[in-house]
Amino acid sequence: MDRNDSFREFVAGHQQALMRTAYLLTGDAHQAEDLLQSVLLKVLGRWSRLSRVERPEAYARKALVNQHISWRRRRVRSELPTAEPPDRSYSSEDSTVARLVMRRALMRLPPRQRAVIVLRYYEDRTERETAELMNCSIGTVKSQAHYALARLRELAPELAPKLADVEAEEAYR
């Protein structure tokens, strides 16, 4: 199997999970595709070394987080925010509405806090794994998660009970 075949196999096996992470980080399908494509190009450039490591997807995931944070730092805001979407008559218990509310609140978090929330709670990673992927200490992961959850409670008060459950679970881990 040549280098390109093994890389194609890697992409086929991990593209969906990496795309989900990219989408959760960016909040936009097109930006997620751009982010993933950019990272996969970097991974391809290092594939001769990465193909020999135990978990090349960990490198790709860490590269996604780092690239996203880097893009957010440099990005010039070309889009202007709009008014909130009109209220709908859906029940607040509707999981679709809750996901939309959470997504909107998540997009208002700073990039590092969003990355911690995505890695810890959407991907169910440990604090250690999250710290390794973000290249920071476990204490930083804990504090960023704490501040992010507090901010999410402010941005989406209707989700506060669910977020309190998340923090309670954290205390027992």
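A word on the source before anything else. What we have is a predicted model, where local features need pLDDT of at least 70, side-chain atom pairs count only at pLDDT 80 or more, and totals for chains, interfaces and linings use all residues. Residues are numbered from 1 along each chain as its sequence is written, and side-chain values use heavy atoms, with hydrogens and water left out.

On confidence: pLDDT is the predictor's confidence in each residue, from 0 to 100. The protein chain averages 81, and 79% of the residues score at least 70. Helix 7 (residues 127-134) has the highest confidence, at 92, and helix 9 (residues 160-172) the lowest, at a mean of 63. Where pLDDT is low, the predicted coordinates should not be read in detail.

Now the fold. The protein chain has nine helices and zero strands. Helices here are DSSP runs of H or I with at least four residues, strands are runs of E with at least two, and both are numbered from the N terminus. Of the 173 residues, 37% are buried; buried means under 20% relative accessible area, exposed over 50%, and partly exposed in between, with a 1.4 Å probe and protein chains only. Among contacts with a separation of 6 or more, 65% are between residues 24 or more positions apart, where contact means heavy atoms within 4.5 Å. The accessible surface comes to about 11,000 Å², and carbon and sulfur atoms hold 50% of that. Those areas come from the Shrake-Rupley method with a 1.4 Å probe, and for residues only the protein chains shown count as cover.

Next, helix 2. Its 17 residues, 29-45, reach 24 Å from first C-alpha to last, close to the 24 Å expected at 1.5 Å a residue; the expected span is 1.5 Å times one less than the number of residues. Buried residues of helix 2 include Leu-35, Leu-36, Val-39 and Leu-40. At its start, a side-chain oxygen of Asp-28 comes to within 3.1 Å of the backbone nitrogen of His-30.

Helix 4 (residues 56-74) holds Glu-57. Is this glutamate buried or exposed? Glu-57 is buried, at 18% relative accessible area. Leaving aside residues up to four places away in sequence, Glu-57 touches Phe-10, His-14 and Leu-18.

Last, the salt bridges. A salt bridge is a side-chain nitrogen of Lys or Arg within 4 Å of a carboxyl oxygen of Asp or Glu. The whole structure has five of them.

One pairs Arg-8 with Asp-5, with the closest N and O atoms 3.0 Å apart. The two are three residues apart in helix 1 (residues 3-26), so about one helical turn separates them. Arg-8 is exposed at 52%, and Asp-5 is partly exposed at 37%.

Another joins Glu-154 and Arg-151, again with closest N and O atoms 3.0 Å apart. Glu-154 is exposed at 56%, while Arg-151 is partly exposed at 31%. Both lie in helix 8 (residues 138-155), three residues apart, about one turn of the helix.

Glu-123 is buried at 16%, and Arg-125 is buried at 14%.

Key
A polar contact is a pair of N or O atoms within 3.5 Å; within protein, one must be able to donate a hydrogen and the other to accept it, and residues adjacent in sequence count only if both atoms are side-chain atoms.
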